[in-house]
Amino acid sequence: MKTPFLVIGGGLSGIAAAIRAARFTSDVLLVEKHSRIGGLNSYFYRNSVLYETGLHAITNYAEPKEKRAPLNRLLRQLKIRRRNLSFCQQYQSEVVFTGGETIQFSNDFTLFESDVCNTFPKSADKFCSLVTFLEDFDPFLPSPFRSARKFLNGFLGDTVLTDMILCPLMFYGSSHEQDMDLNQFAIMFRAIFLEGMFRPEGTIKDFLDLLLTHYEQLGGTLRKSCGVRKILHNNGDVKGVELHNGEFIECDNILSTVGHLETLKLLSPESQVIPHEKTRLGFVETIYRLKNTKELNIQQNKTIIFYSQGNAFNYQKPVDYVDFSSGVICFPSHFQGLAPQDHIEIRSTHLANYDKWASLYQKPDKYTQQKETTSQLSSQQLTNLIGSFRANIVYENTFTPITIERYTSKIEGAIYGSPAKIPDGDIGFSNLFLAGTDQGFLGIIGSMLSGVSIVNQHVLPKL
Ligand SMILES: Cc1cc2nc3c(=O)[nH]c(=O)nc-3n(C[C@H](O)[C@H](O)[C@H](O)COP(=O)(O)OP(=O)(O)OC[C@H]3O[C@@H](n4cnc5c(N)ncnc54)[C@H](O)[C@@H]3O)c2cc1C
């Protein structure tokens, strides 16, 4: 078989890249290792109930009239009509430091601004200057790593405020321990605080189905359960791929969305690819499905809570299986316009230690037991912040860095990939490029824009 353009990986960056290319040629083949597309943002069924994996909220909300906003630019590039999608905005989210302060935010930036200024009056002017500075800052100019934490501490002069601002941004997109790159910070500040969060009406499956139908209508081809085992290359040119089933596909151009190290592994499956960075950050997430009764006393207007115990935020690989001292609590049904349901979900996310979980992998009983312990301990932490809900649980399930590794092939289950990003997607081949998490754009909108921009830059000129 021969194809002019092959996309490896049916996550959101791969799907977006394939759609963008299919607008110009129907000779596009998207291959996905699993039986389902979506990658980190997918779904599974238990007892006929659909559970989403990954999706808390989509960042970068924009009204249709804001033509230059990333969300609207993305839809235009993919030629998806906004009226075919219905977007539900968040109610209100918050950053809670249990040592004292809480800052609330919504898709109306003035709430965040006034909360910061009222809670940190001494830093109010400096915070307003920060916002002005970020409005003019170009985060896409190539530059070496600059510490956002150092920059903010210098700018704001208050380490607690710095940590409260960094907490959601690092949880939703930092592959660095205790810090993030200044460029990445500027992108995430805009995506989460200035623009805000939403989710599509319906489930992630509906969203993925819409993308897939659009791709297939443009003439593109998807092959599921179709893992690439090896990328064949010679003198800096790739020739094609060998699949796990032994089949060979000859290709003129390949876009890999599986990660940088993961792509190097496909280029030389025989040699051991060792992460050059010290730490790849892993997470656990527990989904609680609850019977929605009168006794359940959970505030309906909170969408996401980012918390940290005490007065600082510690973002690093924990020594133990899980670090419960900080986390994210998400209520997927608490978005505007969603009708009340007889069951609701809560999702909790914490930093996790890949090596500890990997050490249990050969001992299935202990692995399962540790997942149950995690679910219980996480719910205890959550109870302190949102009230008791254990009595209402009808289903609970925890995924670990091992689950992520198994389902997306991300080395060490690192959701945000390698700390070293490759903004131009060039990994030293004339016809193999990288998009997705390791290109540097994170989250759903970021990864989709990454797929689109690398296709625009490297692939369309050759088609
Ligand atoms: C718990 C969690 C919560 C999240 N919450 C949010 C959120 O609320 N909002 C948000 O915007 N983002 C969120 N994200 C992040 C978001 O899901 C990711 O940034 C984005 O989906 C990454 O997409 P990707 O296409 O780059 O990578 P992936 O989703 O990892 O896609 C890569 C694909 O490649 C496939 N693949 C791997 N190896 C091969 C191979 N050899 N052959 C063929 N296929 C292969 C994998 O199976 C996978 O489908 C969350 C992620 C997680 C895990």
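How many bridges join strand 10 to strand 11, and do the two run parallel or antiparallel? Six bridges join strand 10 (residues 228-234) to strand 11 (residues 237-243), and the two strands run antiparallel. The model is predicted. Its protein chain is divided into domain 1 (2-59 + 202-274 + 420-462), domain 2 (109-195) and domain 3 (278-408).

**Domains 1 and 3**

- Taken over C-alpha atoms, the centres of domain 1 and domain 3 are separated by 28 Å.
- The contact between them involves nine residues of domain 1 and 11 residues of domain 3.
- On the side of domain 1 that touches domain 3, strand 4 (residues 49-53) gives the most, with three residues.
- By type, the residues on that side of domain 1 are three nonpolar, four polar and two charged.

**Hairpin of strands 10 and 11**

- Asn234 has Asp237, in strand 11, as its bridge partner.
- Two residues lie between the strands of this hairpin, in which Asn235 takes a positive phi near 50°.

**Helix 8**

- Helix 8 (residues 204-217) has 14 residues, and the distance from its first C-alpha to its last is 20 Å, close to the 20 Å expected at 1.5 Å a residue.
- The buried residues in helix 8 are Ile204, Phe207, Leu211 and Tyr215.
- Viewed down the axis of helix 8, these buried residues fall within an arc of 70°, so they line one face of the helix.
- Thr213 and Gln217, on the other side of helix 8, are exposed.
- Packing against the buried residues of helix 8 are helix 1 (12-22), strand 3 (42-46), strand 4, strand 8 (198-200) and strand 9 (221-223).

**Helix 5**

- In helix 5 (residues 148-156), the buried residues are Ala148, Arg149, Leu152 and Leu156.
- Down the axis of helix 5, its buried residues fall within an arc of 95°, so they line one face of the helix.
- Lys150 and Gly154 are exposed, on the face of helix 5 turned away from its buried side.
- Just after helix 5 comes Gly157, with a positive phi of about 65°.

**Helix 1**

- Helix 1 is mostly covered, with 11 of its 11 residues buried.
- Among the buried residues of helix 1 are Leu12, Ile15, Ile19 and Arg20.
- The cover over the buried residues of helix 1 includes the strands 1 (2-8), 2 (28-31) and 12 (248-256).
- The cover also includes helix 2 (70-78), helix 8 and helix 13 (443-459).

**Phe44**

- Phe44 is a residue of strand 3, and strand 3 is among the elements against which the buried residues of helix 8 pack.
- Phe44 counts as partly exposed because 14 other C-beta atoms lie within 10 Å, while a buried residue needs 20 or more and an exposed one has 12 or fewer.
- Leaving aside neighbours within four places in sequence, Phe44 is in contact with Tyr51 and Thr53.
- Phe44 and Lys205 are 161 residues apart along the chain, and their C-alpha atoms are separated by 9.5 Å.

How values were computed: Residues numbered from 1 in each chain as written. Predicted model: local features only at pLDDT ≥ 70, side-chain atom pairs only at ≥ 80, totals over all residues. Domains from an automatic or database assignment. Contact = placed C-beta atoms within 7 Å. Helix = DSSP H or I, 4+ residues; strand = E, 2+ residues; numbered from the N terminus. Nonpolar A, V, L, I, M, F, W, Y, C, P; charged D, E, K, R; others polar. Expected span 1.5 Å × (residues − 1). Arc of directions from axis to C-beta. Pairing = 2+ DSSP bridges.
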